[in-house]
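Dear colleague,

I am passing on the structure we talked about, and below it you will find my notes. Please read them with the model open beside you.

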Amino acid sequence: MDLMPSKYQQKSLRALLGLFLEATGQSLPFLSQTVSASAISRFLNHYQWSVRAVIRVVRAEIIRQVKAERGLGRRPILTVILDMTTLEKIGKFSGLGKLIRVYNGKRGLHLLVLYILVGRSRVPWGFRVDRGKGELAPIKLGQRLLKTLPKTLTAHYEIRVLGDSANGSIEMLKWVKKQPRTSGIVGMRSDRSLADARLVNQGLQRGQQVVLQGLNFPVTLSWYWLKRDDGSLEKRFVISTKPLSAVYITRLGRRRWQIEGFFKTVKHRFGLHRFGQSTLLGVYRWLVLSFIAYFLAFWAYLASGKTTLPDWGDAALLARETLLASLVVLGLLINIDRTQSLARQQGFDITVSGWPYG
């Protein structure tokens, strides 16, 4: 809260985080009980506060938690996943220019996200907006995101980059190969050509080293069967720039899909795609605060000591009650005040002392 220069901004921040942490996915400003929708709009679109300063504070905590996961022995591995997600939108967003566009049949804002996995920690590190033709390609955006990983992590961890076939370009594979202590495990199209003119799907064995057409170093090939929504199985190929066993490459290839679960959670629980702001700044702030709400809920889950998969409703409630206790109590008092007449009709007379709002 110290990052907000005025009490009005602090109040709006608490209200907005409270909406996100209701974990219903309906984080719309007009649903706030404590501040008006217009106040939240001013907070997102007009008030002067530093998003970068907020991000620095959150990233410092991420680094602290990642380091806490580091065990003894050989150099630990930091797994990072690069993947694209679309925040689907309808209607006009004139303030966003051409950022709202159609890609792969979906209209909306298209984000490339860098997601970190180490130990029990699963957190997004950063994102970039894919602006389409004539702008930086997703491969370049991914490289820039990877460069944002601080030396406090890259110097002490081996970095494993997981990605889909979009990250399997010759340019990206060569770039990953040049990075110190970094390897890539990415998807590969079945019709990808090898240097000997064969295709990836033509009679190769799991764990076999091959040379892709246009590449000047060998990669290790494996594959796995992915179960689709209709129950059918689809053969997915995956390669590693570092010599690893076929079983291990297959396991890492499957692990890439963990980011899809994160995308569903942050959208349908923490309202990532529910922005309606008219300015690019407002949308950017909305996205950052939605991610932060996810962080808070995840950290509350870790602090609870549970080892089962997170119940995001419970985790978000714990975060709300721990970090925004006054907001939770205020919401309760507002509901009591609003339903006083109904309570009296049912024979209850509720008295609240110290009520600060007339």
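**A buried arginine**

R192 sits in the loop that runs between β6 and β7. Please keep in mind throughout that this is a predicted model. Although R192 is buried, it has no salt bridge, and the nearest side chain of opposite charge, that of D191, is 7.5 Å away. That distance rules out a salt bridge between the two, because a salt bridge needs a side-chain nitrogen of Lys or Arg within 4 Å of a carboxyl oxygen of Asp or Glu. Leaving aside residues up to four places away in sequence, R192 touches G168, S169, I170, R198, L199, V200 and L212.

**Two alanines with positive phi**

For A23, phi is near 60°, and its place is the loop between α1 (7-20) and α2 (37-45). Which of these counts as buried, and which as exposed? A23 has 2% relative accessibility and therefore counts as buried, since the cut-off for buried is under 20%. A197, at 62% relative accessibility, counts as exposed, because exposed means over 50%.

In soluble globular proteins, nonpolar side chains tend to be buried together. In this model the largest nonpolar core has 94 residues, and L109, F270 and L287 are those with the most contacts inside it. Helix α9 (residues 280-303) supplies the largest share of this core, namely 17 residues. There is also a second, separate core of 15 residues, which includes V186, V210, L215 and W223. To return to F270, its contacts, not counting residues up to four places away in sequence, include A23, the alanine discussed above, as well as F20, L21, Y294 and W312.

In helix α8 (residues 258-268), the buried residues are I259, F262, F263, T265, V266 and K267, and what covers them includes β1, β3, β4, α9 and α10 (312-323). In helix α4 (residues 138-147), I139, L141, G142, Q143, L145 and L146 are buried. These residues of α4 pack against β1 (77-88), β3 (106-118), β4 (121-129), β5 (158-163) and α6 (170-178), so that, when you look at the model, you can follow each of these elements in turn around the helix.

With best wishes

Methods: Residues are numbered from 1 along each chain as its sequence is written. This is a predicted model: local features need pLDDT of at least 70, side-chain atom pairs count only at pLDDT 80 or more; totals for chains, interfaces and linings use all residues. Side-chain values use heavy atoms; hydrogens and water are left out. A nonpolar core is a set of buried Ala, Val, Leu, Ile, Met, Phe, Trp, Tyr and Cys residues joined through side-chain atoms within 4.5 Å. Buried means under 20% relative accessible area, exposed over 50%, partly exposed in between (1.4 Å probe, protein chains only). Helices (H or I, at least four residues) and strands (E, at least two) are DSSP runs, numbered from the N terminus. Contact means heavy atoms within 4.5 Å. Lys and Arg count as positive and Asp and Glu as negative; His and the chain ends are not counted.
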